Amino acid sequence: MRHIAGAIVKNMKKCVFCGTFDPPTRGHENVIETCLEIFDAVTVAIMVNPDKKPLLTEEERELLLKKLFVDDKRVKICVFDGAAVDLLEQEKTKFYVRGVRDCIDFEFENRNYYASKKLNKDLIEIYIPAEQENLHISSTAVRTSIRFDKEYLQYIPVAIQNDMLEILKNKG
């Protein structure tokens, strides 16, 4: 039992949802919104991957995600440089959420799950399937569309489209 802001909260549950969010998409937004239907709080972690060359800086991705959920105090946005199991421990939760679009995503996430489970036996991984209208949306598709000057805004949440345009304009 926890005492929070004058109220006693029993079994408050939170989850962690990690990704590169380069850039955040409507699919990411949907997964986070679904997490909020299941959990009391969600930590959205922008993972630092030194093997990737992102389009957006960590600060830009953090700004976009914070703007997207600015009015929802149940969403915590952070940048994390480490293993997801370490973040779960830091956040004091065992619930790790992964969004999946298709069987390829599922197989990839499932392999990672078994590796992570060896590092944290208490880990509970939850797969949230993409909504049908988001099956084709990926950050990679958005970056490719941007690179070739093709339409991409329909894949970006409406609340951050102007911010995305401004960031890209400043990048030249």
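Four aromatic pairs occur in the structure. Rings of Phe, Tyr and Trp (its six-membered ring) pair if their centres lie within 6.5 Å; planes under 30 degrees apart count as stacked, over 60 as edge-to-face and the rest as tilted. One of the pairs joins F17 and F21. F17 is buried at 4% relative accessibility, and F21 is buried at 1%. Buried means under 20% relative accessible area, exposed over 50%, and partly exposed in between (1.4 Å probe, protein chains only). F39 and F95 form a tilted pair, because their planes stand at 50 degrees with the ring centres 5.3 Å apart. This pair links distant parts of the chain, 56 residues apart: F39 sits in the loop between α1 and β4 (41–47), F95 in strand β6. Both F39 and F95 are buried. Helices (H or I, at least four residues) and strands (E, at least two) are DSSP runs, numbered from the N terminus.

The model is predicted: local features need pLDDT of at least 70, side-chain atom pairs count only at pLDDT 80 or more, and totals for chains, interfaces and linings use all residues. Residues are numbered from 1 along each chain as its sequence is written, and side-chain values use heavy atoms, with hydrogens and water left out. The pLDDT is the predictor's confidence in each residue, from 0 to 100. The protein chain averages 92, and 93% of the residues score at least 70. Over residues 1–10 the pLDDT is below 50. Beyond near neighbours in sequence, this stretch has 10 contacts in the model. Contact means heavy atoms within 4.5 Å. Where pLDDT is low, the predicted coordinates should not be read in detail.

Five strands form an open sheet with parallel pairing, in the order β5-β4-β3-β6-β7. The edge strands, β5 (75–80) and β7 (124–129), each pair on one side only. Two strands pair if DSSP finds at least two bridges between them. From one strand to the next, the twist averages 30 degrees. Strand β6 (residues 95–100) runs parallel to β7, and six bridges join them. R98 stands opposite Y127 in β7. Helix α4 (residues 103–119) packs on the sheet and touches β6 and β7. The direction of helix α4 makes about 170 degrees with that of β7. Axes are lines fitted to C-alpha atoms, for helices over the stretch in contact, and angles run from 0 to 180 degrees between N-to-C directions.

Side chains of opposite charge can pair when their charged atoms come close. The whole structure holds 10 salt bridges. A salt bridge is a side-chain nitrogen of Lys or Arg within 4 Å of a carboxyl oxygen of Asp or Glu. One of them joins R143 and D22, at 3.8 Å from N to O. R143 lies in helix α5 (residues 139–147), and D22 in the loop between β3 (14–19) and α1 (26–38), 121 residues apart. R143 is partly exposed at 21% relative accessibility, whereas D22 is buried at 3%. E91 and K76 form a salt bridge of 2.6 Å, N to O. E91 is in helix α3 (residues 84–91) and K76 in strand β5, 15 residues apart. E91 is buried at 5%, whereas K76 is partly exposed at 39%. Salt bridges that share partners join K14, K76 and E91 into one network.
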